[in-house]
Amino acid sequence: MTSPGIHLFVEKRNHRLQYTVFEIFMRRMGISAVLVADIDDFEAHTGPKLNYSTQTVSEGIPTLAPLGILFEKRIQPHEIEWSVEGDLLFPIQNHVLGFDPLAAIFYLLSRYEEYLPHRKDEHGRFLSEQSVLVEANCHQVPLVELYVDRLFEWLAGFYPSLKRSKSSYTPWVTLDVDQLFSMKAKGLVRSVVSTARDALRGRLMERTSVMLGRKSDPNDIYDRVDAILQPKQLRPVFFMQVGESSRYDVNNPPHLYDVRQRINEIALSGEIGLHPSYYSSERDGTIARELERLRQITSSGVSKSRQHFLRFILPQTFRTLAESGVTDDFSIGFHDRNGFRAGTCKPFGLFDLEKDETIQLTMYPMAWMDLVATRNFPREQDAWEELDRLLSAVKAHGGHFVSTWHPDVMAASDEHYSTWNIFERFVEHA
């Protein structure tokens, strides 16, 4: 339910400001907000008000002088400073808040820093070490939610009748299915090559058992996942690869009967999303073709997506996804550390800084990935403790905890380091 609104006096209305105000007041507070550029109309309003300008208004009206980023049209570097506490972007002097929360939230949610010149890794991805959040060691704190809390508490001090809605915590179990099967349904050429490789590794007997149907394929963990999730009534999202094979795309050929049948069986217990192929952002028409292929396999709409390797071109990839009918994307997360890449644990719209407009796509930020955990922590308990900390932070703010798992990582579990143990503990706590 939306609370009675608040009027904001601004010297100029624009798309950046409208986007930010919607994300803060409507999406996170449940409070309608009206931007007013006429000071007389603003002064005449009798309800809650905020003066977000450099102009002087009547005494007693909360005032916050903007720092300018919301009123610019260019994309340019900004000098980022932090408060003594180490968690405030764009500090301002002589104000009870000590910073401009609207500017800070816009900077984080729009992924402003990723539009600026930056170094990339071997896969063309933004290096997390360049993130302002990582530099300040705040990447595991949902700063946007903290900023919204501080802004609301300050405004409520002026207007005790101002009420905000509370959002419900939502757990997500998502699986990136890079390879539906690791041994079966590979196609003739790849089966021959894989058989030779397994013979050298001493896995020929296992492969033979799988091919003869005596043993399940190692990656076929989907029924076990369902058995763990069903008692908790959690419905997972399986992001499926159905593109052409490449050095980084090893998915099973989507035209094979076993592949199509298994995808449809999995769809009975979870939702199917697209895992666009490695080069999908660079090759025109690829995302649309793969979406159509997956929709034909499942005979249903596919509206969710997450980029393979978390590779995307900002903002072009997300424009393409939206134009292709995708409504929800799960690609915003670090590929090499867990935490909040956009500083938020709640869904948000993505602002296109180049076109100065909001892309019609809801972003679900990823908080934790098994592959990152197993790479960064040599002990299972350490990986769990990180997950638990992040989960507690998301629960405290009524956010969405998007966890990401991989069949091959789960299949590689052993008694010394079991991703299954972490998965079961997560489901129990989630």
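This report covers the overall build of the protein chain and then a set of individual residues.

## Overall build

The model is predicted. Its protein chain has 15 helices and 12 strands. The C-alpha atoms fill a box of roughly 80 × 45 × 40 Å along the principal axes.

Of the 430 residues, 55% are buried.

## Surface and charge

The protein chain exposes about 19,000 Å². Carbon and sulfur atoms supply 49% of that area. Charged side chains number 48 positive and 58 negative. The centres of the two sets lie 5 Å apart.

## Aromatic pairs

The structure holds 25 aromatic pairs. One of them joins phenylalanine 330 and tyrosine 364. The partners come from distant parts of the chain, 34 residues apart. Phenylalanine 330 sits in the loop between strand E8 (328–329) and strand E9 (348–352). Tyrosine 364 sits in the loop between strand E10 (357–363) and strand E11 (366–369).

Both partners are buried: phenylalanine 330 has a relative accessible area of 0%, and tyrosine 364 has 14%. Elsewhere, ring pairs link Trp368, Phe401, Trp405, Trp420, Phe423 and Phe426 into a cluster.

## Alanine 342 and its contacts

Alanine 342 is placed in the loop between E8 and E9. Its relative accessible area is 0%, so alanine 342 is buried. Leaving aside neighbours within four places in sequence, alanine 342 is in contact with Leu108, Leu109, Arg111, Leu133, Val144, Ile332 and Phe348. Histidine 255 is 87 residues from alanine 342 in sequence and 37 Å away in space, C-alpha to C-alpha.

Arginine 111, one of those contacts, lies in the loop between helix H3 (101–109) and helix H4 (132–135). Arginine 111 has 1% relative accessibility and counts as buried. Its phi is near 60°, a positive value in a residue other than glycine.

## Glutamate 23

Glutamate 23 belongs to helix H1 (residues 15–29). This acidic side chain is counted among the negative ones, yet glutamate 23 is buried, with a relative accessible area of 1%. Beyond residues up to four places away in sequence, glutamate 23 touches Arg28, Leu109, Pro347, Phe348 and Gly349. Leu109 and Phe348 are also among the contacts of alanine 342.

Glutamate 23 and proline 347 are 324 residues apart along the chain. Their C-alpha atoms are separated by 9.4 Å.

## Histidine 397

Histidine 397 is found in the loop between helix H13 (380–396) and strand E12 (400–405). Its relative accessibility is 18%. Residues under 20% count as buried, so histidine 397 falls in that class.

Apart from residues up to four places away in sequence, histidine 397 touches Pro142, Glu145, Leu146, Asp149, Ser167, Cys345 and Lys346.

## Backbone details in loops

A cis peptide bond joins leucine 314 and proline 315, with omega about 5°. Proline 315 lies in the loop between strand E7 (304–305) and helix H11 (316–323).

Aspartate 356 has a phi near 55°, a positive value in a residue other than glycine. Its place is in the loop between E9 and E10. Aspartate 356 is partly exposed, with a relative accessible area of 23%.

## Glycine 301

Glycine 301 sits in the loop between helix H10 (286–298) and E7. At 66% relative accessibility, glycine 301 counts as exposed. Glycine 325 is 24 residues from glycine 301 in sequence. The two C-alpha atoms are 9.0 Å apart in space.

Key: Residues are numbered from 1 along each chain as its sequence is written. This is a predicted model: local features need pLDDT of at least 70, side-chain atom pairs count only at pLDDT 80 or more; totals for chains, interfaces and linings use all residues. Side-chain values use heavy atoms; hydrogens and water are left out. Helices (H or I, at least four residues) and strands (E, at least two) are DSSP runs, numbered from the N terminus. Buried means under 20% relative accessible area, exposed over 50%, partly exposed in between (1.4 Å probe, protein chains only). Accessible areas come from the Shrake-Rupley method with a 1.4 Å probe; for residues, only the protein chains shown count as cover. The place of a charge is taken as NZ of Lys, CZ of Arg, CG of Asp or CD of Glu. Rings of Phe, Tyr and Trp (its six-membered ring) pair if their centres lie within 6.5 Å; planes under 30 degrees apart count as stacked, over 60 as edge-to-face and the rest as tilted. Contact means heavy atoms within 4.5 Å.
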